[in-house]
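Have the viewer open and follow along.

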Amino acid sequence: IPAGSRSDFVSGFEDWVPTLMGAVGGSLPKASKTTGVSLLPTLMGESQSARPYLYREFPGYGGQQSIRMGDWKAIRQEMGKGNLKVELYNLKNDPSEQQNIASENAQVVERLTKQMGLAREPSKVFPMPGIE
């Protein structure tokens, strides 16, 4: 890895196992359900396609769900209280998420909300308040 190198590649914790496996010449089992990608090309200074999205959900704090696609981030909070309203932020223009622009971008909200539904896998161990 080039000393002092930097990258703006958007990644998540699920990328570390594929990255480490690639670094040691291994591969993930075919039955693996990870959505992670190897960061090895980026770490080695090579070009790498952006991830299609990063999806997160968290049952704590009343239930939260979010997705990042490119510069867009959609988030739902306090879902256990029945709040399924989606907030939308453009992280390129508003990295501190101060301006919810969902009302001006209905098509983006619709697309990201649909992708959250597709990415979600229900869990008996960690049920999501408000959508289970």
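## What covers the helix

In this predicted model, the cover over the buried residues of helix α3 includes β1 (54–58), β2, β3 and β4. The buried residues in question are Val108, Val109, Leu112, Gln115, Met116 and Ala119. Looking down the axis of α3, you'll find its buried residues within an arc of 135°, so they line one face of the helix.

As for its geometry, α3 spans residues 106–119, 14 residues in total. From first C-alpha to last, α3 reaches 20 Å, close to the 20 Å expected at 1.5 Å a residue.

Now for β3, residues 72–76. How many of its residues are buried? The count is 5 of 5, so to speak a mostly covered strand. On one side sit Trp72, Ala74 and Arg76, on the other Lys73 and Ile75, and all of them are buried. Note that the list takes in Arg76 and Lys73 along with Ile75.

## Who pairs with whom

β3 has strand partners β2 and β4. With β2 (residues 64–69), the pairing is antiparallel and runs over 5 bridges; within it, Ser66 has Ile75 as its bridge partner. The two strands make a hairpin with 2 residues between them, and Gly70 in that turn has a positive phi of about 60°.

With β4 (residues 87–90), β3 is joined by 4 bridges, again antiparallel. Here Ala74 stands opposite Leu88.

## Into the core

The largest nonpolar core has 13 residues, and those touching the most other members are Ile67, Ala74, Leu88, Leu112 and Met116. Which elements give two or more residues to this core? They are β2, β3 and α3, with α3 giving the most at 5 residues.

Setting aside its neighbours within four places in sequence, Ile67 contacts Tyr53, Leu54 and Tyr55, then Trp72, Lys73 and Ala74, and finally Leu112, Gln115 and Met116. Among these contacts, Ala74, Leu112 and Met116 also turn up in the group touching the most other core members.

Key:
Residues are numbered from 1 along each chain as its sequence is written. This is a predicted model: local features need pLDDT of at least 70, side-chain atom pairs count only at pLDDT 80 or more; totals for chains, interfaces and linings use all residues. Side-chain values use heavy atoms; hydrogens and water are left out. Buried means under 20% relative accessible area, exposed over 50%, partly exposed in between (1.4 Å probe, protein chains only). Two strands pair if DSSP finds at least two bridges between them. The expected span of a helix is 1.5 Å times one less than its number of residues. The arc is that of the directions from the helix axis to the C-beta atoms. Contact means heavy atoms within 4.5 Å. A nonpolar core is a set of buried Ala, Val, Leu, Ile, Met, Phe, Trp, Tyr and Cys residues joined through side-chain atoms within 4.5 Å.
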